[in-house]
Amino acid sequence: MTRAPLGDRLPGTRPRSSRLLGTQNRTLWFWIFVGPFALGLILFTYVPLAWSVYLSFFDAHNTVSPDDFIGFDNYASMLRNDAFTDSLVTFAVFSAFIVPTTFVLSLALALMVNRLRRAQAFFRSVFFLPAACSYVVAAMIWKLSIFNGVRFGLANTVLGWFGVDQTAWLSTTDPPWYWLVIVTVRLWLQAGFYMILFLAGLQRISPTLYEAAAVDGARPGWQVLRHITLPQLRATSVAVTLLLVINAFQAFDEFYNLLSTSSGYPPHARPPLVYLYYTALGREQNLGLGSAGAVLLALIIAVVTIGQARWFGLGGKED
Amino acid sequence: MAISRRTLLGTGATGAALGLLTACGSNTGRDGGGSGGKGPRLAQWYHQYGEPGTEQAVKRYAAAYKKADVAVQWRPGNYDEQTAAALLTDSGPDVFEVNGPSLDQIREGQVVDLTELFDGVKDDFNPVVLAPKTYDGKIWAIPQVVDMHLLYYRKSLLDDAGVRPPESLDELVDAAKALTTKDVKGLFLGNDGGAGALGVTPLYAAGLSSVTEDGEVGFDDPAAARTLGKLRQLYADKSLLLGAPADWSDPSAFVQELTAMQWCGLWALPAVKKELGDDFGVLALPADGPDGKPSLPVGSYGAAVSARSDHKTEAKDFLKWLWIDRTAYQEDFALSYGFHIPARLSLAKKADKLKEGAAADAVRYSTEYGYSEPLLWTPASRTAYQDALSRIIKSGANPASELKSVVRKVRAELDRVKKKS
């Protein structure tokens with residue numbers, strides 16, 4: 001028996017297996033896969049965002065369906081509010097300190113770990129492990145154990161051996177010892193994560209660059225670091241800096257857990273998110289004013305991020 | 001049959017779906033285990049009292065109610081803020097205790113009018129704690145117990161230092177300094193230096209108030225700056241305990257001898273008595289200035305009904321049964337665990353535990369020196385004042401200029417609430 005010649009197939013008939021292909025059905029499958037995620041994003045992100053902006057134009061105490069339209073009064077009120085502007089200053093000072101110190105510390109750790117010939121994986125894990133620790137848990141350890149303010153706190157015990165009087169670390173504003181607690185807990189939690197980023201950057205640097213430099217007479221150490229390693233890490237450095245600044249804007253957990261009491265939160269060391277929390281979601285339940293503050297903060301972050309991107313030349317042509 | 005990739009992914013998807021369903025079905029308080037009564041289910045919320053036995057007691061009361069299935073939730077953490085947020089949603093409680101309710105909660109219709117429950121018994125409730133739960137002639141919560149803040153002092157430590165219990169704020173400043181040693185501080189007002197714990201009490205000690213009875217700012221007066229400046233003096237003298245592991249509402253710092261005097265609450269009396277026997281006394285915050293008088297804040301958690309409840313009538317019936325009719329439970333709640341004064345005057349009068357020692361002093365102080373925070377003292381006003389007080393105490397900010405700023409903010413807040421009347 002011979003196979004039927006191809007000419008017998010009816011013209012225009014497509015094979016059965018290709019019936020589900022085509023522009024119409026590709027669109028259908030696109031929405032089948034993307035739809036649930038898009039719906040979730042709309043419901044849980046964009047609708048709340050829009051509602052928040054809406055609330056910011058109303059006097060909305062203890063209600064999310066207000067009827068007292070007040071235009072831009074909430075924005076004016078928030079900008080005039082020295083508690084909010086103080087929180088922005090607090091953030092600026094905090095980020096001006098924490099961003100460079102975390103950068104330097106994580107870069108130093110990465111350089112040291114990268115030079116290890118043995119046990120590199122061990123030390124990499126040791127330094128990275130704090131990143132897995134909850135900010136809340138770390139804050140409690142810092143607050144109740146290491147920097148407890150009475151005589152049996154760890155820091156006070158050790159300093160007591162040298163005759164130093166006990167210090168109430170988190171409660172002392174002059175000098176502002178609370179910053180030591182806040183900064184050290186954040187350094188401990190974050191340095192390991194950014195060390196990993198720098199390690200990845202370091203390991204992408206071609207060894208031939210160092211070999212060529214050695215042939216040309218470059219001395220190992222500072223000269224190589226300055227002229228080869230750091231320039232090659234520029235992309236990683238930009239990413240780390242951007243992430244650190246955004247992360248500083250989002251400071252809440254360790255501040256809140258270290259400094260809040262059952263009576264509230266002190267006016268010093270209060271970053272923007274903590275202030276907005278107390279205004280909108282805390283005892284005040286002033287959802288309109290809090291929403292206005294959130295919008296202002298989002299705008300500030302957007303402007304800073306765009307400015308930073310321009311500064312670092314992101315999006316521009318390749319050199 | 002070998003496990004294929006498709007089978008594995010399918011199983012994973014099924015597991016994820018089950019997980020999602022489990023998460024969506026988590027206990028929101030209304031569908032949890034109830035107390036077994038017939039009728040609708042009611043979710044009742046309490047904040048986490050620190051005294052042993054209280055939780056079991058309130059669950060026992062709920063179980064004894066037969067007309068509804070009452071599920072008690074004992075909520076740790078920042079209860080007031082949790083409750084405020086929950087009242088905006090349909091998954092909040094039906095019945096809850098509230099340190100308030102605040103003026104905005106009342107006016108936004110978040111709580112139900114309970115006035116009719118007080119027919120025939122209104123005069124038996126301590127007016128000091130009923131007033132802040134009354135607005136527009138209606139009562140919005142049933143006071144459960146009377147609580148108050150007190151200054152505890154250690155008699156033996158004062159004797160050793162040759163110090164007598166302070167009768168004025170100046171004497172308190174001097175006493176705290178004299179009582180401070182290398183290991184023991186003279187006074188503990190909270191880790192924030194007193195801004196949160198004392199609040200407006202120093203104003204009342206100076207003969208002023210937070211908001212006057214006719215709704216004006218009550219501390220636009222040089223006496224306020226003078227009095228608050230003395231709190232700064234306590235901090236500057238290094239007489240204050242700061243950085244204690246437990247904050248002021250817990251008597252640990254006092255009983256562990258970290259401090260000779262501590263601002264705390266009546267609820268701590270049994271723990272202090274158990275540890276120190278008779279070696280302690282209690283005071284109000286001493287008076288300051290010629291018009292001053294000793295002062296301490298008196299308040300209460302009140303039982304309220306959420307306006308979002310699907311069973312408002314049943315919830316009101318339950319509250320009437322528990323906090324109006326069942327006087328035996330009210331007495332038990334107030335006196336058998338921790339320590340509180342019954343909100344009912346008749347119960348307080350006959351309570352034997354309140355007739356001797358420090359307890360008798362406390363009861364006397366509550367009527368002689370007690371004030372309650374008026375409804376018009378809104379959270380925003382409190383925040384502005386507390387921030388200023390914190391700056392005065394800890395940063396040495398000028399009291400007069402700080403208070404001038406607070407007066408302006410409080411006046412604006414009072415204007416806001418009046419505008420909506």
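These legends accompany close-up views of a predicted model.

**View 1. Helix 12 of chain A packs against helix 13 of chain A.**
Helix 12 spans residues 272–281 of chain A, and helix 13 spans residues 287–312 of chain A. Their axes lie 7 Å apart and meet at an angle of about 155°. Helix 12 of chain A is therefore roughly antiparallel to helix 13 of chain A, since angles over 145 degrees count as such. The crossing of the two helices is left-handed. From helix 12 of chain A, the contact takes in A:P272, A:L273, A:L276, A:T279, A:A280 and A:L281. From helix 13 of chain A come A:L287, A:L289, A:G290, A:G293, A:A294 and A:L297. By class, this contact has nine nonpolar and three polar residues, with no charged residues.

**View 2. Helix 3 of chain A crosses helix 7 of chain A.**
Helix 3 covers residues 82–115 of chain A; helix 7 covers residues 178–203 of chain A. The packing angle is about 45°, and the axes are 6 Å apart. Helix 3 of chain A and helix 7 of chain A are therefore oblique to each other. Their crossing is right-handed. The contact between helix 3 and helix 7 of chain A has 20 nonpolar residues, seven polar residues and one charged residue.

**View 3. Transmembrane regions of chain A come from an unreviewed UniProt entry.**
The "transmembrane region" annotation covers residues 28–49, 88–109, 121–142, 177–200 and 287–307 of chain A. Over residues 177–200 of chain A, the model is 96% helix and 0% strand. The end C-alpha atoms of that stretch are 35 Å apart. Residues 287–307 of chain A are 100% helix and 0% strand. Here the end C-alpha atoms are 30 Å apart.

Over residues 88–308 of chain A, the chain is 71% helix and 0% strand. The end C-alpha atoms of this span are 18 Å apart.

Chain B averages a pLDDT of 89, and 91% of its residues score at least 70.

Terms used:
Residues numbered from 1 in each chain as written. Chains lettered and ligands numbered in written order. Predicted model: local features only at pLDDT ≥ 70, side-chain atom pairs only at ≥ 80, totals over all residues. Heavy atoms only, no water. Axes fitted to C-alpha atoms, helices over the stretch in contact; angles between N-to-C directions. Helix = DSSP H or I, 4+ residues; strand = E, 2+ residues; numbered from the N terminus. Parallel < 35°, antiparallel > 145°, perpendicular 65-115°, else oblique. Left-handed = near helix turned anticlockwise from the far one by under 90°. Contact = heavy atoms within 4.5 Å. Nonpolar A, V, L, I, M, F, W, Y, C, P; charged D, E, K, R; others polar. pLDDT = per-residue confidence, 0-100. UniProt positions renumbered as here; feature names shortened; annotations may be inferred.
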